[in-house]
Amino acid sequence: RWNDYIPSLQREMTMRLPSAMPLYAIRLRQPANLAISETGSPNRVIHFELTPPLTPVPEESFQPPIQDLAPLTAFTTYKSWEEAVLPYRQRVKAALAQDPAAINAFVSEAGDNTTDAMLTRVTRLKNALHQKVDWVDTGLPVYLNPDRPFSEILASGKGSSHDLAELLMAALEAIKLNPQLYLYRRADSGELIGDLPALSQMDGVLIGVPQGPGRDMLWLDPTEPLAAPGTLPLQALGLSVLAVLPPLNWQTTPSFSAKDHRKERDILMTFDAQGNLTCTVDLQAFGSADLALRQFFRATTDEKRKDLVLRGLNKRFPGALLTDYSYGDYRDTTQPLHVKYSFTIPNYAEFQPKGGFNFYPVIFEDVEDFLATLRETRTTPIVVPQSFNSITRVVVKLPHGFKVGDLPKDACITNSVAEFIADSKVQFGTLR
């Protein structure tokens, strides 16, 4: 694949291949500024160049990535997915058939109890695996990672996506379950071209465990220690995934349901008589949005997180000061991850000549940046692949002697892209 998703980069590619090698290609959405040339030499040198680069799209944190339908040129040497997956299938079968001593010792150490519920047993195994082996991102498609004996992986404490997937598959088989290995293309890597049978498109791996007739598949991400069984990263939701072991089939992972995967903010705005604002924000995410929040915490330091919050506040509210920032243990997946912070904004309220003041509720979403990008310089279509739900509840405390005057009208704006709902009321002397 070339120029498939990263539109902010000016990209060139030169490909050399033997003249006798069969090659199947697909080209989508080719723009006028794409130049493709092929030399007449026996080595078949093909050169691609796109100038200028495309405009990137913004992303909202802890929500599904937006896909930019950029121009695409891709090649494969296979005519069918059955052909494409066969070499990797043979490697996985060989790995699962190796000496079980290392896996049996690992399962015994994890403490499997056959009387426990299946979810409990799977959770125990997955947690034990992540305590034993750390995932290493090699930057390669899953199938290109080399094969290693299970004993070597466990002894080294480091493993690729391929290593961890095979280890967990073998461990699940050892406790008499029937797991299946699936390959997929992450949502943030761009679209999967179903008509192009090539495992090079696949940069993610999942394991599905059947739970019995009439029940949904239990999905596992073998590379993510923060994802409990049944919880997938945002980049793996609502996607087509390819089974590696026979029979060849495609499954669809659970979709990003706005009800189940959302973030909520409870905000307390307190004004003093001079119009200065003290604001407290309590943030909590749910489902895969919660996993994305935990991944953000893992990838950043305390100081980095505070700096990012402060910069975001000052972008929206110049002069804001961060006075408190606290949070729970992001590693403890048995408890909700609460994030709480407080800040002040001097002179936030605008005083009126006839007395009283006006103010706007605080807004935290990057809606303005997103819509501006959509309507100004877009040259390619955009796909919002999954639903997006962010709920903000605001309580306002006014200084002594002030009372509520005019309230904004309730609003509901709906179009083909999104729905925005806002309402306000005075309840028990409090503005909500």
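Of the 432 residues in the chain of this predicted model, 42% count as buried. The secondary structure comprises 8 helices and 25 strands, and among the contacts in the chain with a separation of 6 or more, 66% are accounted for by residues 24 or more positions apart.

**Nonpolar cores**

- The largest nonpolar core has 42 residues, and those with the most contacts inside it are L172 and L181.
- At least two residues of this core are supplied by each of the helices α1 (81-96), α2 (101-110), α3 (118-132), α4 (150-156) and α5 (161-174), and likewise by each of the strands β9 (180-184), β10 (204-209) and β11 (218-220).
- The largest share of this core comes from α5, which contributes 8 residues.
- When residues up to four places away in sequence are not counted, L172 touches V122, L125, L177, P179, I207, V209 and L220.

**Surface**

- The accessible surface of the chain comes to about 22500 Å², and 53% of this area belongs to carbon and sulfur atoms.
- In soluble globular proteins, nonpolar side chains tend to be buried together.
- V404 is found in the loop that runs between β21 (390-397) and β22 (411-414).
- V404 counts as partly exposed because its relative accessible area is 32%, a value that falls between the limits of 20% for buried and 50% for exposed.

How values were computed
Residues numbered from 1 in each chain as written. Predicted model: local features only at pLDDT ≥ 70, side-chain atom pairs only at ≥ 80, totals over all residues. Heavy atoms only, no water. Helix = DSSP H or I, 4+ residues; strand = E, 2+ residues; numbered from the N terminus. Buried < 20%, exposed > 50% of the residue type's maximum accessible area, 1.4 Å probe, protein only. Core = buried A, V, L, I, M, F, W, Y, C linked by side-chain atoms within 4.5 Å. Contact = heavy atoms within 4.5 Å. Areas by Shrake-Rupley, 256 points an atom, 1.4 Å probe, with all protein chains shown as cover.
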